Amino acid sequence: MRNFTCTSCGNEVFFENLTCLQCDHAVGFDPARSKMVALEAAEDSSWRAIGAGEPSGLVCYCDNYQYDVCNWLRPAGAPSGLCLACGLNRTIPNLAEPGSLTAWRNLELAKKRLIYSLSRFRLPMDGSKWNKGRLAFDFVRNATTGHLNGVITVDITEADTVERVRQREYFGESYRSLLGHLRHESGHFYWTILVEASGHLDGFRAVFGDERQDYGAALANYHINGPAVDWQNQFITAYASSHPWEDWAETWALYLHIVDGVDTANAEAHRLRAAGMVPPAPGGAKSGFDAYRATRVDTLIDRWLPLMVAMNSLCRSMGHEDFYSFVIPPPVDAKLAFVHRMVRKFAAQPAG
Ligand SMILES: [Zn+2]
Ligand SMILES: [Zn+2]
Ligand SMILES: [Zn+2]
């Protein structure tokens, strides 16, 4: 994710902020332009963006601002009171139940990062043009986390940190995170559009295997017998070995981790350079690299691997366990390359 700056004073603001800590202006995220903007109050609970070149139209915070779960903006007078991301919610937790609001807040933080990435890739969130579903979210208690026709269901107990850590240990998934879940589940939706509806099933099967094998039986087999003994040589996670659809979704999640991680590192490198911790870029030029528009997947992986080594070293020097220790075996390189090709092909299509 890029670094954001306050459009009023130029200080850094984070994606989740509601105010600028330097100039005290209210700030919000404008999804139409993927940027944070400083705001001044106008009439009727609407706001006007401030800063050079900012549009003069009035904006409002999303209705979920009142619960302190959303800082996204929408045009004043828009038919929906919800922002682009909250408008995708089909079910939200029952806020009368203890702990629901905190869980929802955690889910929204993760979901907003997912929606941000999908927007940067310019991926559609409505698949009806291809006779597929629309991306939507059901955040409910005591449900099975999963995906069906665009609807991503998340059991809100996943958003409870203690419960998530318990499950993380139980399932041996040391990198379990809400954002990871959402990225994985979104992969199932994008498979239907980027692969199935776009005529790439043969290419998919050549890399991931035949998805027509019985899905229910494959998952049952995985849960009873565990992964194939040599899964590390072919899959990014044990679970990816359960069925080609799960392999795609796990690879998709990894791909989104890589692109967003590289994007963030690229943004942070400027700060480290300013602090004298990294030598200046050759010629002092600011890198114009955009991880979300990288032409070659190798460019991303070549940046990702040293970044993970550095992150792991930093974690060890702070007395923590490794940040991320997935080794990418050659077959997974080929799978990442396939995911990358599908995203690039799609992004290259004319809009509309
Ligand atoms: Zn400011
Ligand atoms: Zn919202
Ligand atoms: Zn899945």
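Biologist: Is C62 buried or exposed?

Modeller: C62 counts as buried, at 2% relative accessibility. Buried means under 20% relative accessible area, exposed over 50%, and partly exposed in between, with a 1.4 Å probe and protein chains only. This is a predicted model: local features need pLDDT of at least 70, side-chain atom pairs count only at pLDDT 80 or more, and totals for chains, interfaces and linings use all residues. Side-chain values use heavy atoms, with hydrogens and water left out; residues are numbered from 1 along each chain as its sequence is written, and chains are lettered from A and ligands numbered from 1 in the order in which they are written.

Biologist: Which protein donors does the zinc ion (ligand 2) have?

Modeller: C62 (SG), C70 (SG), C83 (SG) and C86 (SG), lying 2.2 to 2.4 Å from the zinc ion (ligand 2). Donors are N, O and S atoms within 2.8 Å of the metal (3.2 Å for Na, K and Ca); water is not among the atoms, so sites may look incomplete. Along the chain the spacing is C-x7-C-x12-C-x2-C. C62 lies in the loop between β6 (58-61) and β7 (73-75), and C86 in the loop between β7 and β8 (89-91), so the pair ties together parts 24 residues apart in sequence. Helices (H or I, at least four residues) and strands (E, at least two) are DSSP runs, numbered from the N terminus. C86 counts as buried, at 1% relative accessibility.

Biologist: And what is the geometry of the site of the zinc ion (ligand 2)?

Modeller: Tetrahedral, with angles of 105 to 113 degrees among the four donor atoms. Four donors count as tetrahedral if all angles lie between 85 and 135 degrees. The ideal for four tetrahedral donors is 109.5 degrees.

Biologist: What coordinates the zinc ion (ligand 1)?

Modeller: C6 (SG), C9 (SG), C20 (SG) and C23 (SG), at 2.2 to 2.4 Å. Their angles of 101 to 115 degrees make the arrangement tetrahedral. The spacing here is C-x2-C-x10-C-x2-C. C9 sits in the loop between β1 and β2 (12-13), and C20 in the loop between β2 and β3, 11 residues apart. C9 is partly exposed, with a relative accessible area of 29%. C20 is buried, at 0%.

Biologist: Switching topic. How many salt bridges are there?

Modeller: A search of the whole structure finds 20. A salt bridge is a side-chain nitrogen of Lys or Arg within 4 Å of a carboxyl oxygen of Asp or Glu. One of them joins K112 and E108, with the closest N and O atoms 2.9 Å apart.

Biologist: Where do K112 and E108 sit?

Modeller: In helix α1 (residues 100-121), four residues apart, which means a separation of about one helical turn. Both K112 and E108 are buried.

Biologist: What does D290 pair with?

Modeller: R120, in a salt bridge with its closest N and O atoms 2.9 Å apart. D290 lies in the loop between α6 (244-274) and α7 (297-317), and R120 in helix α1, so the pair ties together parts 170 residues apart in sequence. D290 is partly exposed at 21% relative accessible area, while R120 counts as buried at 7%. Another salt bridge joins D298 and R296, at 2.8 Å, N to O. D298 is partly exposed, at 36%. Salt bridges that share partners also join D30, R33, K35 and E54 into one network.

Biologist: What about α1 itself, how many residues?

Modeller: α1 has 22 residues. From first C-alpha to last, α1 reaches 31 Å, close to the 32 Å expected at 1.5 Å a residue. The expected span is 1.5 Å times one less than the number of residues. Just after α1, R122 takes a positive phi of about 60 degrees.

Biologist: Now rings. How many aromatic pairs?

Modeller: The structure holds 29. Rings of Phe, Tyr and Trp (its six-membered ring) pair if their centres lie within 6.5 Å; planes under 30 degrees apart count as stacked, over 60 as edge-to-face and the rest as tilted. The rings of F4 and F29 have centres 6.0 Å apart and planes at 75 degrees, so that pair is edge-to-face. F4 lies in strand β1 (residues 4-5) and F29 in strand β3 (residues 26-30). Both F4 and F29 are buried.

Notes. Tetrahedral: all angles 85-135°; square planar, octahedral: opposite > 155°, others 65-115°.
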